[in-house]
Amino acid sequence: MAEIIMVRHGQAQTGAKDEASYDNLSDLGHQQARWLGEYLGADHAFDRVVTGTMRRQIQTGRSMYLGGVGYDTDARLNEMDYFGLAGVLETSHGLATPTSQLEFQTHVAEVLGAWSRAEVGDDLESYRDFRGRILGAVRDIAAAEDRVIVVSSTGVIATLMAVALDLDIRRKSEVFLRIAHTSVHKFEIVGEDLHLLQFCATPHLDLPERVHARTLI
């Protein structure tokens, strides 16, 4: 039995139209991470921070300033290629780029649905491979038996939620849209089974003066 503590990265570049432009924390994203680090560092002892290799993930881990910990990266924790999937579906299915938050909610469900049905061709990572690499990463981290904070992204966390709770794609899409920046999630691995212990906790932001800093997109 092993516990996995997973954090979504801080706010990145909202409104970006491609991965390269998006993959960098905003000033608020760095602040969210600092606040989380202060909260975690006060009462918790960790040995390592493990992030994906994306800039926003690495920046979040570093901005938490957890003194005395080691830092590792694992590309298996990287986010799905949402911009790439959206581009393929715009060309092949006429799925328009969303221009509002309401349109984005519908867009996520359609992108994840088409991806899970293998309707995006062979040039991008398959949904099956994405799911497999995430599960492999968390199982390897759990097997190390040290105290680890894992920093990843929405699609990774939502996929683990879907596995733990046996969610269909529609429900997974709803989860995807509700994962706050620098929120904390806890999973437990028992044998081959993954269980959810905590979803989307933001104790470092649940103060009246920080309500403005709780962001989703």
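**View 1. Histidine 181 in the loop between α8 and β5 of the predicted model.** Histidine 181 is found in the loop that joins α8 (169-176) to β5, where helices (H or I, at least four residues) and strands (E, at least two) are DSSP runs numbered from the N terminus. The model is a predicted one, in which local features need pLDDT of at least 70 and side-chain atom pairs count only at pLDDT 80 or more, while totals for chains, interfaces and linings use all residues. Residues are numbered from 1 along each chain as its sequence is written, and side-chain values use heavy atoms, with hydrogens and water left out. With a relative accessible area of 0%, histidine 181 is buried (buried means under 20% relative accessible area, exposed over 50%, and partly exposed in between, with a 1.4 Å probe and protein chains only). Its side chain makes a polar contact with the side chain of arginine 8 at 3.2 Å; a polar contact is a pair of N or O atoms within 3.5 Å, of which, within protein, one must be able to donate a hydrogen and the other to accept it, and residues adjacent in sequence count only if both atoms are side-chain atoms. Not counting residues up to four places away in sequence, histidine 181 touches residues including Arg8, Tyr22, Gln32, Leu205 and Ile217, contact meaning heavy atoms within 4.5 Å.

**View 2. Histidine 204 in the segment after β6.** Histidine 204 lies in the segment that follows β6 (193-201) and is buried, with a relative accessible area of 2%. The side chains of histidine 204 and threonine 182 make a polar contact at 2.9 Å. When neighbours within four places in sequence are left aside, histidine 204 is in contact with Gln32, Trp35, Leu36, Tyr39, Thr182 and Arg210.

View 3. Strand β5 (residues 184-190) pairs with β6 in the antiparallel sense over 6 bridges, two strands being paired if DSSP finds at least two bridges between them. Within this pairing, lysine 186 stands opposite glutamine 198 in β6. The two strands form a hairpin with 2 residues between them, and glycine 191 in the turn has a positive phi of about 65°. Cysteine 200 lies in strand β6, and its phi is near 55°, a positive value in a residue other than glycine. Most residues other than glycine have a negative phi. Cysteine 200 is buried, with a relative accessible area of 11%.

**View 4. Glutamate 145 in the loop between α6 and β4.** Glutamate 145, in the loop between α6 (127-143) and β4 (148-152), has a positive phi of about 60° although it is not a glycine. With a relative accessible area of 74%, glutamate 145 is exposed.

**View 5. Helix α3 and the residue tyrosine 65.** The buried residues of helix α3 (residues 55-63) are Arg56, Gln57, Gln59, Thr60, Gly61 and Ser63. Helix α3 is followed by tyrosine 65, whose phi is positive, near 50°.

View 6. Ring pairs link Tyr82, Phe104 and Phe176 into a cluster, rings of Phe, Tyr and Trp (its six-membered ring) being paired if their centres lie within 6.5 Å, with planes under 30 degrees apart counted as stacked, over 60 as edge-to-face and the rest as tilted. The count by this rule comes to 5 aromatic pairs. The charged end of arginine 62 sits over the ring of tyrosine 71, 4.0 Å from its centre (NZ of Lys or CZ of Arg must be within 6 Å of the ring centre and within 35 degrees of the ring normal).
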